[in-house]
Amino acid sequence: MFKMPLCRPAMLASLVLLAACGGGGGDYHPPPPPPPIPVPDPDPDPVLVKQGLEVFRNNTFGDEAKWSDTLRLHEVLDSCVDPNTALSLGLKVDVDALPPELQQGIKNGSVDLGDPQTTVKLIKLGAVVGLVGKVEAGYGRDMVTRVGVTCALCHSTVDDSLASGIGKRLDGLPNRSLNIGAILALSSTVSAKDKKVFESWGPGRYDPRYNLDGKNGPVMIPPIYGLKGLRSITYTGDGDDVAYWNRYVAVTQMGGMGHFDDARIGVDVTNGDVDLVGPVLPALRAYQLSLVAPPPPAGSYDMGAAARGRALFIGKGQCVSCHSGPQFTDEALHSVLDVVSEASYASRSATKQYRTSSLIGVWQHAPYFHSGEAATLEDVVNTYNDRKALGLNPQEIADLAQYLKSL
Ligand code: HEC
Ligand code: HEC
């Protein structure tokens with residue numbers, strides 16, 4: 001569990017607390033209709049992609065109403081969270097937003113990463129990935145007076161090129177070190193019960209339904225690269241386009257201004273009286289579909305073993321019966337009885353089933369399954385071998401795992 005140093009956030013008396021939104025008979029049976037022919041996604045318009053990048057990285061949709069007015073996290077960021085703490089919570093710093101002297105100072109140790117005022121400076125520079133803060137002069141120093149979050153908080157990381165947690169942005173890669181639960185638990189306004197739940201999540205995990213159904217079962221933040229051409233969105237295939245989740249998360253989780261409803265899960269949320277989410281969804285979609293999966297690093301798998309593993313993937317392992325096609329997914333929903341991972345998350349979803357995950361770039365984002373219950377790809381194959389009684393021997397298990405590492 002993450003423990004914060006004792007700290008009393010500075011009170012900003014001038015801040016007004018805004019309400020956070022609050023035919024014929026016979027024996028003839030017609031054949032089933034043919035499956036719909038997927039419409040290929042056109043190559044996204046580069047102008048729209050560029051707008052989408054801006055939205056993805058910098059647009060909070062007005063969610064400061066939640067993160068500042070309700071959770072008051074700007075106060076914590078202003079005075080309690082030094083950069084070392086921020087990095088240990090999994091927050092990332094964009095090196096390209098740092099002036100050369102600051103980069104140099106971080107490299108040679110002359111910049112104090114133990115001083116909360118350095119965090120304020122980073123926020124002012126717009127360098128903390130996924131956080132957009134307003135910094136104003138007050139009480140003789142710069143102060144964070146408001147903060148909101150963007151999509152990049154969860155779905156970007158950095159390449160660690162300057163230091164651990166500080167580097168160039170890698171959009172689309174899940175931030176699997178981000179301890180969003182520990183960050184939420186820093187808020188002075190969450191109840192003791194919620195705090196306990198948030199502190200139970202751990203890095204890389206987030207429960208995007210807890211605030212709606214009250215059940216605690218966090219899932220791994222997924223990668224969002226390689227989605228072009230896919231129609232089934234989320235672990236449980238609740239949406240048939242990224243826009244479904246984008247609206248869901250922006251309004252019901254981030255707290256952005258707009259509207260989301262889905263009668264299947266009994267959710268109907270409206271924040272504010274303007275829609276800051278709907279109008280930017282096309283650009284956001286174009287950007288997401290432009291993100292490609294990172295190829296496996298050279299030398300990261302054994303080619304001979306991977307070739308043998310491929311034969312097992314198609315043959316004895318029966319993997320291809322679900323992981324078919326160019327993205328290794330039939331995009332079908334499968335009953336929890338046929339899926340090897342834990343079942344409870346599906347029961348909270350609209351479909352109550354799991355969608356076959358794409359395996360493109362799967363080497364990149366351990367741990368595996370929505371629940372993160374398999375630490376490695378070897379563990380994944382072992383799980384299938386046990387639960388589906390595939391009869392793979394240790395050599396075959398190793399070969400199949402090598403194949404997965406090559407995708
Ligand atoms: C607090 C962390 C968090 C934030 C912020 C967030 N997401 Fe997600 N995202 C998740 C989690 C967790 C899931 C998995 C939910 C599920 O499948 O049930 C997810 C799922 C997705 C998916 C579905 C991927 C797939 O394989 O089907 C897409 C696309 C996506 N997010 C894009 C976005 C965009 C765009 C934004 C900004 C509007 C955003 N997310 C904001 C945590 C986050
Ligand atoms: C009945 C259909 C089905 C079969 C057969 C199947 N899978 Fe899966 N697979 C799924 C579904 C559904 C998921 C998503 C489950 C989840 O997220 O919890 C999944 C998830 C995975 C993941 C995790 C992906 C991630 O992003 O975490 C890997 C790896 C994987 N499968 C590999 C395999 C291998 C290897 C085989 C053959 C031994 C196989 N699968 C057989 C349906 C199937």
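Me: Where is the place of F328?

Reply: F328 sits in the loop between α13 (303–314) and β11 (333–334), where helices (H or I, at least four residues) and strands (E, at least two) are DSSP runs numbered from the N terminus. The model is predicted, and local features are taken at pLDDT of at least 70, side-chain atom pairs at pLDDT 80 or more, and totals for chains, interfaces and linings from all residues. Residues are numbered from 1 along each chain as its sequence is written, while chains are lettered from A and ligands numbered from 1 in the order in which they are written.

Me: Why does F328 count as buried?

Reply: A residue is buried if 20 or more other C-beta atoms, placed from the backbone, lie within 10 Å of its own, exposed if 12 or fewer, and partly exposed in between. F328 has 20 C-beta neighbours inside 10 Å, so F328 counts as buried.

Me: What is F328 in contact with, leaving aside its neighbours within four places in sequence?

Reply: Contact asks for C-beta atoms within 7 Å of each other, and on that basis F328 touches H323, S358, L359, I360 and L407.

Me: Why are α11 and α12 called oblique to each other?

Reply: Two packed helices are described by the angle between their axes and the distance between the axes. Here α11 (242–253) and α12 (281–290) pack at about 120 degrees with their axes 10 Å apart, the axes being lines fitted to C-alpha atoms over the stretch in contact, with angles from 0 to 180 degrees between N-to-C directions. Angles under 35 degrees count as roughly parallel, over 145 as roughly antiparallel, 65 to 115 as roughly perpendicular and the rest as oblique, and α11 and α12 are therefore oblique. On the α11 side the contact is made by V242, A243, N246 and R247, and on the α12 side by L281, L284, R285 and Q288.

Me: How do you know that α12 is mostly covered?

Reply: Eight of the 10 residues of α12 are buried, among them A283, L284 and Y287. What covers these buried residues includes α1 (46–58) and α11.

Me: What makes up the shell around ligand 1, by class of residue?

Reply: A residue belongs to the surroundings if its C-beta atom lies within 6 Å of the ligand, and 26 residues surround ligand 1, with C151, C154, I233, T234 and Y235 the closest. With Ala, Val, Leu, Ile, Met, Phe, Trp, Tyr, Cys and Pro as nonpolar, Asp, Glu, Lys and Arg as charged and the others as polar, the shell divides into 20 nonpolar, six polar and no charged residues. The largest share, six residues, comes from α11.

Me: Why does T234 count as buried, and why is K352 called partly exposed?

Reply: T234, in the loop between β8 (219–220) and α11, counts as buried because 21 C-beta neighbours lie inside 10 Å. K352, in the loop between α14 (344–347) and β12, has 14 other C-beta atoms within 10 Å, so K352 is partly exposed.

Me: What is phi in T234 and in K352?

Reply: Most residues other than glycine have a negative phi. In T234, however, phi is near 80 degrees, and K352 has a positive phi of about 65 degrees.

Methods:
Contact = placed C-beta atoms within 7 Å.
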